Amino acid sequence: MEKAYLMHGGDYNPDQWLDMPEILETDIERFREAKINTVSLGIFSWAKLEPREGVYELDWMERIINRLYENGISVILATPSGARPHWMADRYPEILRVNAMRQRSLFGGRHNHCLTSPVYREKVQRINTELVKRFGDHPAVKMWHISNEYGGECHCPLCQDAFRKWLREKYGTIDALNDAWCTAFWSHTYDSFEQVESPSPLGEESIMGLSLDWRRFVSDQTIDFMEREIDALRRAGNKKPATANLMYRFGGIDYYKQAEKFDIASWDSYPTWHREKEWETAQETAFWHDVIYGLKRKPFLLMESTPGATNWQEVSKLKKPGMLEAAALQSIAHGADGSMYFQLRKSRGAEEKFHGAVIDHYDGRDTRTFQEVCAAGNMLELVGEVAGSHKEAKAAVLYDWENCWAMEGAKGPRNEGLHYQESVEKSHRALRRLGLNVDVIDQRCPLDGYRFVAAPMQYLFREGFSEKVRRYVENGGTFVLTYWSGVVDENDRCFLGGRPHGLMDVFGLRAEEIDGLYDWEENRICRKNDDAVKELGADRDCAAEGQRAEGVVRGDGRKDGYACKYLCELVKPTTAETLMVYGEDFYAGMPALLRNVFGKGRAYYVCADAEQAFYDDLYEKLVREAGIERIFDGQIPEGVEVSERTKDGASYVFIQNFNRHRVQVALPEGSVLYGRADGCLEPLEGVVIRKN
């Protein structure tokens, strides 16, 4: 049985250096020194693998794979569909994408191929088959890297026909489509499916159902293309796992749906470190690590990160000393079984010649970046036994792709800045600051097993979601729903009869109006002066209910009330208990936070986009009320991350300091695998403790 280990390596492009064999030998030496044990190979090599149509030249790749294997380095072998060779675009121009203005692209770029094109699909399946036949059984090849960062859309005639077919399968009749899309508005009724075109600035952009279904189609078509790639590998005899490297919420693909089709989740992480507060960037990155882990509820792979500066961000900021190792450890803490880089060696020219790399143009081993990669390799080796371990979470936050798409095109209540992702991250941060593992799930995921679920801004309710929430609360769960939820169905049609749809009795209220605030406006959420509210334990209230909160700072340094911005919803309670109220404007004194007991559980409703401190204070009380145990009982300073992974009866606690100052943490008992045992963490330092 192979010993558990964490992958360390990254994107390797030896096809750029075939005329310089001495470079390839130097690479092997550097890889061994940096404890690089895995490379992703062939991602953009199609022009070298098939220089002319039907002519496959794979010997060079076999030599590289053999040489890597001889030196103990494994391979994640890529299918090369992320960028096509020039001869293919010249001979088959239909493979080039058409934009929303109905203009066909010239050859160039990466994601410039129509995923509907039968020609492109056939060419991809052929090259994939050849790769499996040659390398599928090679002992160096551990898994398959399917394409690269899927994304983008095409509006060509082939895609229009495929979209219409997709709509026919979904709706059956044109009358059903018209009803779902509310096309009677502005007299935009369709007489046949043949009249339907994808959204365009030249044509239809006022039908929200059309825009939402187009995004679903693009997502489904991309997933179908990926699935066909994987099928080609399997038909050729491949039995090794497949992954696809994801990219934040990139390209409009529903990652939860996509994850059903591959074996291992992976993603490419490029945070903008070294802004004003390091720990805020760390929290944003932690959120996306938890999204990717949540796709399959099992270890993922950090497929790409930069060992130095990116060259495509607004500012090419260097990673300060210690950041490379800290970022790698953070990915492991959140469930990664490896931390990889783009790129292993800098290219000499073109788009990313100045992008960070393990080996730069100087080619020496005495660079700061190379030495830090070596340090990260040592760290990953020290904590290697955590590979294959899992995360256990009793709290979850909902982040739903289709809900996000629907809000982006909804035309109100704010058309510039609904701040959906930020609202989800506030809940995630509040729970993480309490020292909890947190799953990020979508509306289709089961709620069973969680004691606490937060669902910010669930504007669109998928079919069956309200019934799922009802059962969850009724059976004893604690559920937090916020403003602008349960407004529309899956076709972006407004529900009739009140909102949140299907849950008004569960939350004991009816949402009536929502106020969009200008960016410069602000309201406040204040405590009512009654005994029921004092349970929350927050010493924050308004000077008097219904009066403007003046933002007075108390003697303990805490503000009087919580700021809220962007959106403020006005609700009418039925059975819900009002815990906090608005402090100003014409709705001063109206409910801003409510609680309703339903069945064995409790349902909370947050009416406004409140500041982070509001969620920090509220969730501390609710988590305690729900009986959720923290990873350990010690005090967690601001800017310190705590995570836990478990395997075979052991737990691994990760503690990292993302502040720019030293912190002292009371460490849990156990053996230290990595870091200092005294609990004194310098900036960017971390410690890993095994508890049996």
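User: How does K35 count by its relative accessibility: buried, partly exposed or exposed?

Analyst: This is a predicted model, in which local features need pLDDT of at least 70 and side-chain atom pairs count only at pLDDT 80 or more, while totals for chains, interfaces and linings use all residues. Residues are numbered from 1 along each chain as its sequence is written, and side-chain values use heavy atoms, with hydrogens and water left out. Buried means under 20% relative accessible area, exposed over 50%, and partly exposed in between (1.4 Å probe, protein chains only). Because K35 has a relative accessibility of 31%, it counts as partly exposed.

User: Which residue meets the side chain of K35 in a salt bridge?

Analyst: A salt bridge here is a side-chain nitrogen of Lys or Arg within 4 Å of a carboxyl oxygen of Asp or Glu, and the contact of K35 is 2.8 Å from N to O. K35 sits in the loop between α1 and β2, whereas its partner belongs to helix α12 (residues 368-382), 346 residues apart; helices (H or I, at least four residues) and strands (E, at least two) are DSSP runs, numbered from the N terminus. That partner is exposed, with a relative accessible area of 53%, and it is E381.

User: Are R462 and D254 buried or exposed?

Analyst: R462 and D254 form a salt bridge whose closest N and O atoms are 3.5 Å apart. R462 lies in the loop between β11 (452-455) and α15 (465-474) and D254 in the loop between β5 (242-246) and α9 (255-258), so the pair ties together parts that are 208 residues apart in sequence. Salt bridges that share partners join R462 and D254 into one network, with K170, D213 and R216 also among its members. Both R462 and D254 are buried.
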